[in-house]
Each structure stands twice: as structure tokens, then as C-alpha cells.
2 protein chains.
Amino acid sequence: RDSTPGDAWYGVAHGCTRKLGMKICGFLQKNNSLDEKSRMVGSFKESAKNQMCDNSERFTRAETDFSNLFARDLLPAKNGEEPTIQFLLEVVEILTNYVRKTFDRSTKVLDFHHPHQLLEGMEGFNLELSDQPESLEQILVDCRDTLNYCHPRFFNQLSSGLDIIGLAGEWLTSTANTNMFTYEIAPVFVLMEQLTLKKMREIIGWPNGDGDGLFSPGGAISNMYSVMVARYKYFPEVKTKGMSAAPQLVFSRKHLAHVCIFFFLFSVCFLQSHYSIKKAGAVLGFGKENVILLKTDERGRVIPADLEAKIIDAKQKGYVPLFVNATAGTTVYGAFDPINDIADICEKYNLWLHVDGAWGGGLLMSRKHRHKLSGIERANSVTWNPHKMMGVPLQCSAILVREKGILQGCNSMCAGYLFQPDKQYDVNYDTGDKAIQCGRHVDIFKFWLMWKAKGTIGFEQHIDRCLEISEYLYNKIKNREGYEMVFEGQPQHSNVCFWYIPPSLRGMPDGDERREKLHRVAPKIKAMMMECGTTMVGYQPQGDKVNFFRMVVSNHAVTKSDIDFLIDELERLGHDV
Amino acid sequence: RDSTPGDAWYGVAHGCTRKLGMKICGFLQKNNSLDEKSRMVGSFKESAKNQMCDNSERFTRAETDFSNLFARDLLPAKNGEEPTIQFLLEVVEILTNYVRKTFDRSTKVLDFHHPHQLLEGMEGFNLELSDQPESLEQILVDCRDTLNYCHPRFFNQLSSGLDIIGLAGEWLTSTANTNMFTYEIAPVFVLMEQLTLKKMREIIGWPNGDGDGLFSPGGAISNMYSVMVARYKYFPEVKTKGMSAAPQLVFSRKHLAHVCIFFFLFSVCFLQSHYSIKKAGAVLGFGKENVILLKTDERGRVIPADLEAKIIDAKQKGYVPLFVNATAGTTVYGAFDPINDIADICEKYNLWLHVDGAWGGGLLMSRKHRHKLSGIERANSVTWNPHKMMGVPLQCSAILVREKGILQGCNSMCAGYLFQPDKQYDVNYDTGDKAIQCGRHVDIFKFWLMWKAKGTIGFEQHIDRCLEISEYLYNKIKNREGYEMVFEGQPQHSNVCFWYIPPSLRGMPDGDERREKLHRVAPKIKAMMMECGTTMVGYQPQGDKVNFFRMVVSNHAVTKSDIDFLIDELERLGHDV
């Protein structure tokens, strides 16, 4: 059971010779032959030549005085082409300098300013909006100022690091300026989304990559989709009649319509899993009280026996369990719930199994690490955010559903004035009515382009490298003086959770005083880091554990020497705390 | 009552001398004095100079052979800086050529291909993803191919037109690559959002611009926020206990928990208002049956007496009315509901009033047209999408709420591990827990930058111009042979709805045969337009009205001669239908 059908996705091209009983069609990749490649490159050169003769030109920078130019002088204004191109090139100059700075280790990570400082106007940077237009020269100053107060490097967040191909993809997306509403307004992007979602489903291990899916504006919304679809599957009449159509079971007078959503969470709080499912419970009308939290082991993984006990208990009390969320990569610990054990229970009790792989889904791309998600092919739905572990620029989150057509059934409102059935092409490509949004931002292109540019193998290398760097950190501090790990053993994901114990606390016996003091250490060190602007790592408390640092690595620019530097900084700043 | 408090927002700077009893503080704009301006420009030159001496350089294009370069050779790779900059410049070349083409009237609007054609690979353009990386040369080909199959000009959609400043803003946003989660990771953007939302609330006319708000991933989500907040206001316990905590009233055995959401909609279908509120009703657990549709007049505006009658009727049946949606600018007709009359009824029955100004909200920026939204300051919440009528690139939608703190109350889950209360700055600036999303894309910067570059007055000109162009179309066709208007009188928004009657149908008496034939005219003409690629305009049926064309103007590049051309094309293509 440790090998999932999806293990086949790397196929023979990479020498993976494992034989599987199940055939995954259309999943192995045809490699472009050299012939094909040179043909394509040849046609590029030719088309570039044609373009030169055609209406396209290689741009030339020209000194331009922007002080007397305004937005109204740009395209579509008459004679607006030259100032437009020059203005965009000037912006690109600012942006490329920022890109340089992002990767320049001699610059500060950040230059922290308090809100009131920025609001009062730092160094002439005025955030206020005015009735009259500013000159393009001032607009360029505004752009530069804005970037000055952005933070090029920040280790703390799950999505960090600037991927150049992804960046180019975003620039192109905004230039194309369309949306994912219908095929006719975004033909290529709609097809790219379809192909990419299919590929992701193949990697999950669903036969033939069949199923459904969408890119949504983030993991929280993707998780919300999963709860909605589950509700629609079990109680389709809720769509028309509302939650009153869900089973009405006598539990107490105040509880008439109870459908439980189950979580894999810590017993007394919801810290261990992502808060977005609890939020979805509240938003969708289940109520957060009806979200039942589960016990986890000390490494943050759900305990399947506790799930089963809680299901039995809930049923006895007259609740109808509906939805189980297994987390693949929790936000703080990076823990992977045992999906196969959970899937067994879900099958036994006929519950919807959702795998929230927003943070950990990326590990599916790695032959070395994907075993941590064993069983994911048994899920009914999966959230997977390429904008986290795979380095794709924000936003890029997918909700993937095993049953085809259910997203449409759940969300369609048949708005005939938006989705005309009598168009001259196959309107099954119009995805708008599947979504809870109307217009949908094009999130696919940057991801598709990165996949083209890196290949599947490039994502694998990215993931393996990030986990290797975090393993380096773990190995370096696990027995080092002044460090305590929050949980024992090697982390499953790139999350490394630890306390730094300053010399003043090292001899102190455990107890309330030490705990209180230790609780204040991480915030103090982080504040100093922000003031210095050298590096930055986040912290949080969790359950009964006082504030601890949590380092995650998802940025492909992070090196072992950054880790060494981080440790040096921690110890330098934390020495006298 | 026709003048709303928000009428003051343009203030003395523009010679608007209207006196109002209510003082709007902080709303009038200080104009930068000339002195200040020259100081800023001076500091730009200086800072530009400093940057030159500093770590920034003016870029130089260099002939680069990308055929042996791959994504892995770009930053953060060693010596990756030069290829990175050259690659980005090459991308910019492709993009600026596309920008040129977008505004070039000699190019086709679109080059339509069916899904299967694109999937089979047009002219070597291969959408499939591979295991192995492609060279950067091929990636550039992919970028060019992608844009070849995008549609530069398309009249049909509410959001169209490419604003150069907005485009620059999007490029910068993706380069900054952060999100709106907390102040510390996006300090400038968080403040820009706050200032801009306040300004929008001032323009709505809420005293001092007080209240709350967020940018969300589109109008449908913004509308969903409004329903959530209303539910939380009237039945806060739904958040914890679920929809069973809403009033349980005996209506019939199958209807235990009824809360009605009221709409301003056509009596038998939901065509007249936006389908997103109905969707929100289904998503949030109300059920779409509990969304009551209202009668509209022949121009698509709700009839207040019908609203009151339906409220009384619903109450008698034991329902609890909760939420009324007034649309400011319906999708098809561009109709504005009479907000003041509706507000009177909402106050009388204590109902939440939401104004869906996704499409029409932009008219608030125009002194000439804002009277159409009179009464909007009495709303409890407002949806306003700058990405529609104001020409801001997608996505840019705001939900604005009059009561401060209610978004936080409704959505917060107090996820301590994400939003640490013990940071060294004022954590009220961390907006993450107000949103249903976790990470939120930075939608504000492009809008803020456009506002800086155009000034409030520039948006006003944009709106006035779009409405003037659509008035030109209306005047041109209203009495022209071969045209029938869908409703009488001048449209309130830029929507012009009409039938084109081909010569073959002109003599035919009204009846089923003519209706059936007329129904097929618009799809045929649109399909021909797409094949020719010259221009494009959308159509839809509505209620008992057969397919008609709906032209909307939101693109500032549309001119009167485009309208003339459209009419010529319609008549040329439609002549023999």
C-alpha cells in the first residue's frame, strides 16, 4: 500500500522500473525528439525574423523626459506608442534592479517601518490619493518607493522566493489581461488549466487523471470548495433548500440540523490543522461548533483510533458525520496525517475524505518524498497549492475532485445570459459556472510556463533541495547547545520547529517562570531581526507550548550558508536576551 | 434626496460649490503645491543618480543565445544575473510588441480556433507538459505563441481594455511577490489598501469614510461577503452553531430553518440581477429556493412595491426576511435600482441593504452620473469592482461595509499561529483574519497607482467618455432601419441592448416563426464575427426576449469610429442571414 498508483507518473523516462497492476494511460510523457526541438527552435528564429519584418520591432531605449508626460499621453492616445514603450521600459528598469537586489546577499532583508511612519510619508513617499493626476516621473518615483518598502527576502512564509520564469509568466498574464470565464475570451489559458489539472490528478494517482478541478484564489477557498462539494454529494437538496434540508436529528432543542465536519486536529484547539476548514464550516452554515477536533500525536499527526471513536460517539449523539479532512503538511509542524488509515475509516463509515495538501502537496512531485502522501489517491478531493512548496508566484491553488461533473452540479446556476448554450464551439470548455466566482483571474499561465521550463524533474529537484536544506538545519541544531527541538525526530516536511534558549535561561529548572521567560524570547529576537533587517524567521505558540521558532524552506535561493548565517544571527541577537 | 453626502467628495478643488449640511472630514484632497512637486521630482533625479552610483544599473540589451540556457541558469544560479536580465528583457520585448498590437486597429480582434485545434497543436505550439525542461528559447516561443492565441480586443466583456499604468502596477506587484496576509510582509500594500478603501467609503458617502472593507477575488466573492456579514449581524450564533441557530419557524415540515434573502430580480427567473447572490445563497447554506426574486419594470429596475408585498407575504408565511440586494448596474440592461425607495423599505422592516455596484459602482466617480446611485450611502454594504468600469486590470473588487469591526467579528478564527498578538507593531494592520482567504493576492497596487496617475478626475473622464460613446451608439441605432431596441429610452449605464433585424425578417409579422428566426440571428452573426476576427459583441436571451445583442463600453480605447465600424460589420455580416 505504500506505493500509490501515482508512483507511475515519472515513468520509464526516468528509469523508474516499478511495475504496477494498474495502467495509467496518457500519463507518461512523450519526450520531444531532438528533431522536433530543432524544428521548433528553427521556427522560432523564422518567426522572430518574420516579426521583425512584420509589425514588431526590437525596442530601443531613449532618454525621455517624463516630467511633462501623464497617463493620458500613453496609449490609446494619439502618438502614445513611443511614450508607452519608454515608460514600460523605465518600469522594467526599476523592476530588474529590484530583482537584482532580491538575490543580492549584501542587501538588507528588510527595512522595517511602523505603520504610522509610512503613513506620515517617509522621505517624501506620499500614499495619499489626489484628485489631480501625477506626472509619469512621479509615478516612477512611486514605483521605486513602493519597492523600497517591500521585503525582498523573508524566510518565514510558506510562499517565498522569486522564480524568474514564474515572474515572466505573471508579466505576460497581466499583459494578456483576460480572465478564465469562458473559452472564447481565454482559449489558451482554459486549455492550459485543463491539461495541467489532468496532469496533477494523474500525479495524485486517479485513474487516467480523470476527475474535475479548478484553480481558486488560495488554499482556504480550495478547502471551502471541498466542503461544498461534499455537502452537495451527500445532501444535494441543500443547494436549493438550504441547510434545513440536511438531516434534522434530535440532539437537543437547540440543535436541529447537525452535520459534523470532521477534522484532524489537536484535541483542544485547532492549531494543528489549517484554520481554513474551520472557517469554511462557519461560512457554509455548518457552524464552527460542528467541526470536531481530533487528537494528534506529539508530532502533529492525527490518531486514527481517535477519529473512529469520535465518529461513533457523534453518531450515538445523533449527529451525521460528513467530511474528514486529512492534512498533508500542517502549517506549523509540517506533519503528514496517515492518509491510508484515515481512508479505511472513511470508507467504513461512508465519509467524504479531503486531503488538504496546500503545503505538502508539492511533495507528490518528488520520488523520494511522495510516500508521505501514500493513500492520497483514495481521497475524494485534494487541495494542492503550487504557490507554496513549488515556488510558483502567488496566487496558484488547485482544488482537485475525483468525481467528474460534481463541481458543475454543485455550483452551476445556469446563468444563460453569461453562458450561452448556442455558441459555435464546444461550451463544455466554459468553466465559469463551475466556480463560485464569476470572472476568475488567470492563475495557470505562470505555473504552466514554469512546468515547461523546469520539467517535472525540475520541480522534483526544487522539493528535494528544500527538504535537504531543512534537514541540514535540523541536523545542525538538534544537539547544539542553546537549542531545544519542539518535537523529536526528523521533520517530515521542511518545517523545523525549535526554541532558542538564551544563556540566561539555560540553567533554569523547568517551571512557570522559565516558561514565561522563554515565551518572550522568540518575539524579542524576531523584533531585533526586523530592526536589523538581516534575516527573519517566524514564531508562534502551539497548544501548551510557548512561543517557538518555525523555520520553513520553500525558497530555492536559500543555501546552507544562509542557514549558518541564520544560526549565527540567532545566537548573536539572542545572547543577551 | 438626489444629492447624496458623497457628492461633496469632489470638493472645492474642482469648483463644485454645492453646499451640504454634512461635513466630510479628511475627504477633500490637499493638492501638492508646485514647490512640493518640484521637490519630489528633484529627489527623483537625485535618487536616480544615487541609484546609478549605488547598486543599480541601466540595463543594456545584449544578443543572447537562449537555446542552450535553461531555467536553472537563471537567478539564483551563480552568474545568473546577466541571463536573468536578458531573459526578462526578451520577454518584455514580446510583451511590448503585444501591447502595440493591442492598440493597432489594423490587426484582427481575434483569431478563433476550436479547442481541438489548439489541443492538437497549432503551428508547433505544444500545450503538453513534459518531464524534461525546455530551453529558454523554447520558453520564449511559448510566450509568443500564447499571446498569439489571446484576443487583444473584445467589446463584449465588462472588463476590457488594457490600461498601461495598471499594467505597470501588475508587473510591479508580481515582482514584489508578496501577499496581503500581515502588515510585516506587505507593509506598503496593506496601507495602500486601507487608504484606498477609506477613500471609496468617502465617495459612497459614509461619514468620515468610516467603516470596513477588503479587496476580494471578484464581485461574486464580494457579494458573498455581504451575505455572510448580514447573517452574522442578525444571527451571530450561526458562526458557531450553524444555520440551525437561525430562526426555526414552522412553515411546513420540510422547512424548518428559513431565512430569506431578498433580491431585486425578475419575477420568474434571476436574469436581471447578478447570479452571484443566488450562488452565495446556495454556498452559505440558505438554499437558492430561499432567495426570493422580485419583479422589475421593463427597463430592469426593481419595483419597490413588489419588494414590500413580498416581504409582507414572506413574514405571513413564517419566513424571516434578512437581506435585500439592490443592483447598481445590472449585467445585461445596465439598470440601476431605486436605492432610496428600497432603503426606506429596508429601514421599515429592519433588513440588511446591500448594493451590488460591481458594474455600476464606477459611476460614483462621475459628478454627471453618480445621481443614478442616490441613496447608496444608506446601504449597509457595497460591492464595487474597479476592474470593471474603471479599467483596472483584473482582479480588483472591493467589499465595503458601513459597520466597523463586523468583518473581523464575522470571519476571525483567532489563529494564533498565524496572527501573533505579541508583535512589536500595531497588529490591527494585520488584515488576514478578516478575510475568508488566508494568503490574499495584492490587488491594490495597480489601482492605487492608476489613481495616482489619473487622479480622481481621470477616472471621472474615463466614465463620462465610456457613457458618451455608448450614448452615441444608442442614438445612432435607435431609429435606424433594421434595429429594434430591447427597451425604450436611453440606457442608464453603457449597456446598449438591441436586435439586429436582417432584411429577410423585416417584413415578417410578429409571431413564433419570427421569434424563432430572430433568436438565431445574433449567434450566427457573432460566429461570423469570430471567424472573420474583425470585431465581436456578445448576445443573450433574457426572460421572454429572444437572443439580442448587448454592447457595453468600458474600454477607454473605444472610439466613435469603432462604433461606426461595428454597425457596418453587423450590417455586412447580417445582411444575408
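## A buried lysine

K388(A) counts as buried, at 15% relative accessibility; buried means under 20% relative accessible area, exposed over 50%, and partly exposed in between, using a 1.4 Å probe and protein chains only. Look for K388(A) in the loop between β8 (381-384) and β9 (397-401) of chain A. Helices here are DSSP runs of H or I with at least four residues, strands are runs of E with at least two, and both are numbered from the N terminus.

There's a record attached to this lysine, too: in an unreviewed entry, UniProt lists K388(A) under "modified residue: N6-(pyridoxal phosphate)lysine". UniProt positions are given in the numbering used here, feature names are shortened, and annotations may be inferred rather than shown by experiment.

## What kind of model this is

This is a predicted model, where local features need pLDDT of at least 70 and side-chain atom pairs count only at pLDDT 80 or more, while totals for chains, interfaces and linings use all residues. Residues are numbered from 1 along each chain as its sequence is written, chains are lettered from A and ligands numbered from 1 in the order in which they are written, and side-chain values use heavy atoms, with hydrogens and water left out.

Chain A has 16 helices and 13 strands. Of its 577 residues, 67% count as buried. Take the contacts in chain A between residues at least 6 apart in sequence: 72% of them join residues at least 24 apart. Contact means heavy atoms within 4.5 Å.

Now for the cysteines. C410(A) is buried, with a relative accessible area of 7%, and C466(A) is buried as well, at 1%. A disulfide is a pair of cysteine sulfur atoms within 2.5 Å, and the count over all chains comes to zero.

## A four-stranded sheet in chain A

Four strands of chain A make an open sheet in the order β10-β11-β13-β12, with antiparallel pairing. Two strands pair if DSSP finds at least two bridges between them. The edges belong to β10 (483-485) and β12 (538-542) of chain A; each has a single partner strand, so one side of each is left without a neighbour in the sheet. On average, neighbouring strands of this sheet are turned by 45° against each other, direction ignored.

Inside the sheet, β11 (residues 496-500) and β13 (residues 545-551) of chain A pair in the antiparallel sense over three bridges. C497(A) has R550(A) as its bridge partner in β13(A). Helix α13 (residues 444-477) of chain A packs on the sheet and touches β10, β11 and β13 of chain A, with its direction at about 30° to that of β11(A). Helix α16 (residues 560-574) of chain A also packs on the sheet, touching β10, β11 and β13 of chain A, and its direction makes about 25° with that of β11(A). For these angles, axes are lines fitted to C-alpha atoms, for helices over the stretch in contact, and angles run from 0 to 180 degrees between N-to-C directions.

## The sheet in chain B

Chain B has an open sheet of four strands in the order β10-β11-β13-β12, with antiparallel pairing. Its edge strands are β10 (483-485) and β12 (538-542) of chain B, each of which pairs on one side only. β10(B) and β11 (residues 496-500) of chain B pair in the antiparallel sense over three bridges, and Y483(B) stands opposite Y500(B) in β11(B).

Helix α13 (residues 444-477) of chain B packs on this sheet, touching β10, β11 and β13 (545-551) of chain B. Helix α16 (residues 560-574) of chain B lies across β10, β11 and β13 of chain B, running at about 25° to β11(B).

## Where two chains touch

Helix α2 (residues 81-102) of chain A and helix α5 (residues 164-176) of chain B pack at an angle of about 10°, with their axes 10 Å apart. That makes α2(A) and α5(B) roughly parallel to each other; angles under 35 degrees count as roughly parallel, over 145 as roughly antiparallel, 65 to 115 as roughly perpendicular and the rest as oblique. Residues making the contact include F87(A), L88(A) and Y98(A) of α2(A), along with W171(B) and L172(B) of α5(B).

Most residues other than glycine have a negative phi, and most peptide bonds are trans. The bond from L75(A) to P76(A) is cis, with omega near 10°, and P76(A) lies in the loop between α1 (34-53) and α2 of chain A. Another cis peptide bond joins L394(A) and Q395(A), with omega about -5°.

N208(A) has a positive phi of about 60° although it is not a glycine. At 29% relative accessibility, N208(A) counts as partly exposed.
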